[in-house]
Amino acid sequence: MKNSIKLDKNGYYGEFGGKYIPETLMNELEKIDQAYHHLKTDPKFQEELTDLLRNYANRPSLLYYAKNMTDDLGGAQIYLKREDLNHTGAHKINNVLGQALVAKHLGKTRLIAETGAGQHGVATATVAALLGMSCEVFMGKEDTDRQRLNVYRMELLGAKVHSVTSGSMVLKDAVNATMQEWASRVDDTFYLMGSAVGPYPFPEMVHDFQSVISKETKIQLAAQKHQLPDMVVACVGGGSNAIGSFADFIDDPTVQLVGAEAAGRGIDTKDTAATIELGSTGIFHGMKSIFLQDENGQINPVYSISAGLDYPGVGPEHSALAKANRAQYVGITDDEAVNAFEYIAKQEGIIAAIESCHAVAYVQKIAPKMRKDQIIVCTLSGRGDKDVSSVLKYKGVDLDV
Ligand SMILES: *Cc1c(COP(=O)(O)O)cnc(C)c1O
């Protein structure tokens, strides 16, 4: 089992991963690979990153004992890993700071990124401003129309936003446009990957930069309870907050790992983003992994109430963890996520991101079935202020905000 989930020297986790990119980019990926593997063990680079994480991003994030939820659900003890308290309000900053520093060490001056709802674009624009780099973000026209506030946030931070009008004008088209832009201009440009996806070594970099979540959790829980958690739960879009939450526990066989995918209106409908439950092996975004696609390998449109979870695939390490049964992936519907959004707000006084509420919804189901001496850690990947108006709309109230 172990062998099929560990990264091999060709960049595969079992059968998933690899580099499926135009020939012109092979050289560049090779350079990134070499530079990253040097920096990974370079104490000066690690110090630079740790300093930014602490003093700019507000780490370590709290591990909070959710006493009210624990009492109410009447089973396992529930701890929340508070990535929502980071600067910019989500876990994305951990990864963006790391990759931007790698880009800087490679002598790059220009960051490009693709974004769906705009959250990764905003995080990238933030760090580009901080490090004095230029930034261009590609976003499907459907999304630039729907997410005008995030477009303005990126512009405010000094980034240029390109509205992509090819294909169906959504995230998958923005991915293709960003790949093309990168292939046409590698000299000064770094493609900053937004999740644990893309060609090798991006999934490894994102795993490493997000693993700060589980490393802190392990230390914080040991200090409070002198034990490992019995279960770790996190939501899965491309899989970066989940892989970061799982990373330091993958080799601890007593820790159950659970990823909550967006089932949208239900896995028996077309309006879903439950990749691992419903998808099949294919190639997209420079990697071999599991995708929602038709029989010709065309990527399907995906849907979830949560903009951060409607990615049509999942990172290769998650595909391998699922295949090896080391992690379980469960679908959570819009209804269940909205219910969890209201539940955690009323129980704990925390407005959590609708993405994170997919994980909270699973905790609501599983905690009552577990013993009181067991511990669940649930990652709150982000804060939910951004979701208030769309949740209200979902409930039939249309605010003009
Ligand atoms: C982007 C985002 C996600 C989904 O991305 P992953 O790579 O799967 O972590 C989840 N939660 C929040 C708050 C996000 O912004």
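1. Start with Gln119: one of its polar side-chain atoms sits 2.5 Å from an oxygen atom of the ligand. Asn241 takes part through its backbone, where an N or O atom lies 2.8 Å from an oxygen atom of the ligand. (A polar contact here is a pair of N or O atoms within 3.5 Å; within protein, one must be able to donate a hydrogen and the other to accept it, and residues adjacent in sequence count only if both atoms are side-chain atoms.) On its own the ligand has 390 Å² of accessible area, and the protein covers 96% of that (Shrake-Rupley method, 1.4 Å probe).

2. Before you go on, keep in mind that this is a predicted model: local features need pLDDT of at least 70, side-chain atom pairs count only at pLDDT 80 or more, and totals for chains, interfaces and linings use all residues. Residues are numbered from 1 along each chain as its sequence is written, and side-chain values use heavy atoms, leaving out hydrogens and water.

3. Who else is around the ligand? The shell has 17 residues, with Lys92, Gln119, Ser195, Gly237 and Ser240 the closest (near means a heavy atom within 4 Å). By class they split into 4 nonpolar, 11 polar and 2 charged (Ala, Val, Leu, Ile, Met, Phe, Trp, Tyr, Cys and Pro are nonpolar, Asp, Glu, Lys and Arg charged, the others, Gly among them, polar). Domain 1 (20-53 + 92-206) and domain 2 (58-89 + 211-394) each put in at least three residues; the bounds come from an automatic or database domain assignment.

4. Now for the second largest pocket, about 470 Å³ in volume. (On a 1 Å grid over the protein atoms alone, a pocket is an open set of points with protein on both sides within 12 Å along at least five of seven lines; lining residues have an atom within 4 Å of a point. Points join across faces, edges and corners, and the volume is the space filled by probe spheres set on them.) Its lining counts 19 residues, and Gln46, Thr50, Leu53, Val212 and Lys215 lie nearest the centre. Both domains contribute to this lining, so the pocket lies between them.

5. Have a look at the backbone too. The Arg59 to Pro60 peptide bond is cis, with omega about -5°. Tyr200 and Pro201 are also joined by a cis bond, omega near 10°. Asn58, a residue other than glycine, has a positive phi near 80°.

How values were computed: On a 1 Å grid over the protein atoms alone, a cavity is a set of points where a 1.4 Å probe fits but cannot get out, and a pocket is an open set with protein on both sides within 12 Å along at least five of seven lines; lining residues have an atom within 4 Å of a point.
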